[in-house]
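My notes follow in the order in which I looked.

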Amino acid sequence: MTSPVPAGAERLSSVATASRILREFGKHSTQLGVSQLARSVGVGKSTAHRIIWTLVEEGLLEKVEETGLFRLTSVMRTLGASAETAQRLHEAATLPLDNLRHHTPGTLHVAILDGVDVLYVERREGRGAIPVFRSVGARNAAYLTSSGKVLLAYLPDDQLQPLVAGMRLVPRTPRTITSRPLLLSELSLVRRQGFAENRGESQPGMCSIAAPIRDPLGRVVASVSVAEHVADEAAGLPHLVRAVTETATRISAGLGWQP
């Protein structure tokens, strides 16, 4: 369902026409011409021509030389796949997250990797919720969090190495990992044990634990985590390992993954 346009908001006809043109590629063929698109959205051919070439310049459409027609670029296909993944994650994670809440008073998250950050796409609060993470859509640096460590750990090596090399490992607490070799060693440990921990590395007095969520092909596409306030950061949250990893397995099964 789309949101209603707020009263007083200005509607730009050229943007609306561009949106209708992009949606045509999901209705008919994957490749369409200027004349066909102009008829479909009800604008003149010259208007359609200008908007289509603007979309080409912005990297949203590309011309196929063999046919002379236009198609969506990989950028648009990736955006579509991301939106579909987010919706499927929401549907698959709802019940497992609600069940996990019975095991902890802390904060539960489902997160995805966005560059060098984690983006929280689902959240549940217990009575001991962590104030610093107050909303879905919040971000945090991946190297600081258990969610981020999981999502980094399962990247292909040719993606992981340049990503870590470009990170600014700024200390947030005395326990933050600020050495690239130490971070890579920690990520190797995450892969071996199947879960990640954050022991007071992003916020004093807080620990978290996270496990990987997989798609039908076994690829890690998200993580589920629990964060709690603790008296002893060094001890971590070992009592939650089983609950978090089993929750990740249930969400992965909801996405179609079979071990």
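**Salt bridges**

My search of the whole structure for salt bridges, each a side-chain nitrogen of Lys or Arg within 4 Å of a carboxyl oxygen of Asp or Glu, finds 12 of them. I note that this is a predicted model, in which local features need pLDDT of at least 70 and side-chain atom pairs count only at pLDDT 80 or more, while totals for chains, interfaces and linings use all residues. Residues are numbered from 1 along each chain as its sequence is written, and side-chain values use heavy atoms, with hydrogens and water left out.

I reminded myself that side chains of opposite charge can pair when their charged atoms come close. I then looked up K149 and E201, whose side chains form a salt bridge with 2.7 Å from N to O. K149 belongs to helix α5 (residues 146–153) and E201 to the loop between β6 (196–199) and β7 (206–214), so this pair ties together parts that are 52 residues apart in sequence. For these names, helices (H or I, at least four residues) and strands (E, at least two) are DSSP runs, numbered from the N terminus.

Are K149 and E201 buried or exposed? Both are buried, where buried means under 20% relative accessible area, exposed over 50%, and partly exposed in between (1.4 Å probe, protein chains only).

Next I looked at E246 and R250, which meet in a salt bridge at 3.8 Å, N to O. Both lie in helix α8 (residues 241–254), four residues apart, which is about one turn of the helix. E246 counts as partly exposed because its relative accessibility is 31%, and R250 counts as partly exposed at 44%. Elsewhere, salt bridges that share partners join D98, R101, E122 and R124 into one network.

**Strand pairing**

I found that strand β3 (residues 107–114) and strand β4 (residues 117–125) pair in the antiparallel sense over eight bridges; two strands pair if DSSP finds at least two bridges between them. Within this pairing, V110 has E122 as its bridge partner in β4. The hairpin of β3 and β4 has two residues between the strands, and G115 there takes a positive phi near 70°.

β3 also runs antiparallel to strand β8 (residues 220–229), to which five bridges join it. Here the bridge partner of L108 in β8 is V226.

**V116 in the loop**

V116 has its place in the loop between β3 and β4, and I noted that it counts as partly exposed because its relative accessibility is 35%. Which residues does V116 touch, not counting those up to four places away in sequence? V116 is in contact, meaning heavy atoms within 4.5 Å, with A141, A142, L163 and M167. I also looked up the C-alpha atoms of V116 and N140, which are 24 residues apart along the chain and separated by 8.8 Å.

**Two helices**

Last, I checked α5 against helix α7 (residues 180–193), and found that they pack at an angle of about 80° with their axes 9 Å apart. Axes are lines fitted to C-alpha atoms, for helices over the stretch in contact, and angles run from 0 to 180 degrees between N-to-C directions. That angle makes α5 roughly perpendicular to α7, a term for 65 to 115 degrees. At this contact, K149, V150, L152 and A153 in α5 meet E186, L187, V190 and R191 in α7.

Terms used: Angles under 35 degrees count as roughly parallel, over 145 as roughly antiparallel, 65 to 115 as roughly perpendicular and the rest as oblique.
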